[in-house]
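Subject: Structure handover

Hello,

Here is the structure that I said I would pass on. Please look through it first; my notes follow below.

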Amino acid sequence: MPGLALHFRSATELGRLLRARKVGAVELLNVCLAQHERHNGAINAIVVSDIARARKAAAAADRRLRAGTPRGPFDGVPMTAKESFDWAGTPSTWGEPRFRDNIASTDAEAISRLTGAGAVIYGKTNVPLMLADWQSYNAIYGTTNNPWDLSRAPGGSSGGSAAALATGMTALEIGSDIGASIRNPAHYCGVYGHKPTYGVVPYKGHLLPGMVQPGDITVAGPLARSARDLATMMRILAGPVGPEARGFRLALPSAAQKSLSEFRVAVMMTDAQSEVDLPVQDLLGWLTQFLGKRVKKLSTTARPAFSTKEAMDVYIALLRSATSRRQSDAEFSVNCAKVAAADPRDDSYLTKMLRAYVLSHRDWLKFNERRHQMRLLWDQFFDDWDVMICPPAASAAFPHDHQGERHERKISVNGKRVATTDQLFWAGYSGCFYLPSTVAPMGLTPDGLPAGVQIIARQYGDFTSIRFAELLEKEYGGFIPPPGY
């Protein structure tokens, strides 16, 4: 990244420049704030800020750096955080007007760990209503646009996070992911994102008012402009908090591989559950050709020993059960009536979602048991393969569409209008089974839109998927700034 403008350098490089006293923390914050001033009006990525507090933190970082006592690798590096993470003194609304006055009294654990390593937070980034869309718009903060094409969505729910990184307004971001909410925006905006193994990054301070227990499947994780930044962030972020920290220690294994030649790679281009647009398939195909001459072993047919249809069904049941606690009593009653009236043979996404919303605990236990059987089948698969690479979503970024409910909307895939919810498959194929997934840029479509590759590794193999992304960044290609920023 040395040839890039300062505001597009990786956070790791910026940290090195700060420690070498080649740039100051206040100076670097001003560089990001200048990008914010120039471009946030059109992008609307950063929706909450406290610049005065950030200037004080940057000045304190400069004092530590002058004294040669940096707090950590990111001391003095500017960061922002997804709006749903608590940052003391600022609102955590999740884009929901009912929570407009939900002002955090403390920082989320993820923010505390990053600022504890010296990162300078100055703002929070936009989300969709209740973090439930692959677009990022809500009645409080408005709509975030994709910096590659303002008429398109930046992804969601960490859409503001990815857009802020892509435009150089920030160097580090923290997001969350239950349905590709880190991976999808990274793919749409051309940056890096890592969905960690379930439970390894603390969720404390990223919960709706009144709740203390994280839901099933959902995780917190990093976004950045470099795979190396993801690895460094994970070393800072991972590990238990609270009562668990009294009895547990986390020891994520380092990646065993030093080069691409040591990797065994399975490739999945598309699937009947969610057909992938040809421009994205083409990019993945070219990457596969590149890897075929360099990796230890490669297969385009190797899969875990269960059907993709079952994987999707189990994921939808558990995903929508996990989000069902957002229902009011009245909504629950209405959904019970709808399910009772539905044809038992109805296999549509909407009906499967409604069934999950009102699922009995007995039936949930059946789905959960099958999930864990399939999780162990994934683990057997990774005895023979180090990573699986596949698309993060069915297409590149799609045009803004705020009409109706998400399950009613369509996107274009290979000349057909298909349900946006089909691409939940690419979120759940790894996410439902607790696996880590890293998204890395792999190039631009003929329309000039970025597309990423999703790199799946075995449970607790976070540094393996990130290492593969690091090697691709070094040997194949990495972050490209969008034109005009």
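Two strands are said to pair if DSSP finds at least two bridges between them. Helices (H or I, at least four residues) and strands (E, at least two) are DSSP runs, numbered from the N terminus. In that sense strand E9 and strand E11 (residues 387-390) pair in parallel over three bridges, with Val 267 opposite Ile 389 in E11.

Some ground rules. This is a predicted model, in which local features need pLDDT of at least 70 and side-chain atom pairs count only at pLDDT 80 or more, while totals for chains, interfaces and linings use all residues. Residues are numbered from 1 along each chain as its sequence is written, and side-chain values use heavy atoms, with hydrogens and water left out.

Overall picture

The protein has 15 helices and 15 strands. Its radius of gyration is 21 Å, close to the 23 Å from the globule rule for 485 residues, so it is as compact as a globular protein of that length. That radius is taken over C-alpha atoms, and the rule is 2.2 Å times the number of residues to the power 0.38. The C-alpha trace spans about 70 × 55 × 50 Å along its principal axes. Of the 485 residues, 62% count as buried; buried means under 20% relative accessible area, exposed over 50%, and partly exposed in between (1.4 Å probe, protein chains only). Among contacts (heavy atoms within 4.5 Å) with a separation of 6 or more, 77% are between residues 24 or more positions apart.

Around E9

In a regular strand, side chains alternate between the two faces of the sheet. In E9 (residues 264-267), Arg 264 and Ala 266 point one way and Val 265 and Val 267 the other, and all are buried. E9 is also joined to strand E10 (residues 297-299) by three bridges, and the two run parallel. Ala 266 has Ser 299 as its bridge partner in E10. Between E9 and E10 the chain passes through helix H9 (residues 278-292), and this β-α-β crossover is right-handed. Right-handed here means that, with the strands pointing away from the viewer, the path from the first strand over the helix to the second runs clockwise.

Around E8

Strand E8 (residues 219-224) is mostly covered, with six of its six residues buried. Strand E6 (residues 173-177) pairs with E8 in the antiparallel sense over five bridges, and Gly 175 has Gly 221 as its partner. Strand E7 (residues 192-195) is antiparallel to E8 as well, joined to it by two bridges, with Gly 193 opposite Leu 223.

The sheet E1-E3-E2

These three strands form an open sheet in that order, with mixed pairing. Strand E1 (46-49) and strand E2 (78-82) stand at the edges with a single partner strand each, so one side of each has no neighbour in the sheet. From one strand to the next the twist averages 40 degrees. E2 and strand E3 (residues 120-125) run parallel and are joined by five bridges; Pro 78 stands opposite Val 120 in E3. Helix H2 (residues 25-43) packs on the sheet, touching E1, E2 and E3, and its direction makes about 20 degrees with that of E3. Helix H3 (residues 51-67) also packs on the sheet, touching E1 and E3, at about 150 degrees to the direction of E3. Axes are lines fitted to C-alpha atoms, for helices over the stretch in contact, and angles run from 0 to 180 degrees between N-to-C directions.

Ile 46 lies in E1 and counts as buried at 5% relative accessibility. Ile 46 and Ala 81 are 35 residues apart in sequence and 9.0 Å apart in space, C-alpha to C-alpha.

Helix H1

Seven of the nine residues of helix H1 (residues 11-19) are buried, so H1 is largely enclosed by the rest of the structure. Among the buried ones are Ala 11, Glu 13 and Leu 18. Their cover includes H2, H3 and helix H7 (227-237). Just after H1, Arg 21 takes a positive phi of about 60 degrees.

Cysteines

How many disulfides does a search of the whole structure find? The count is zero, a disulfide being a pair of cysteine sulfur atoms within 2.5 Å. The sulfur of Cys 32 is 16 Å from the closest cysteine sulfur, in Cys 189, too far for a bond. For Cys 390 the closest is in Cys 432, at 14 Å, which is also too far.

Regards
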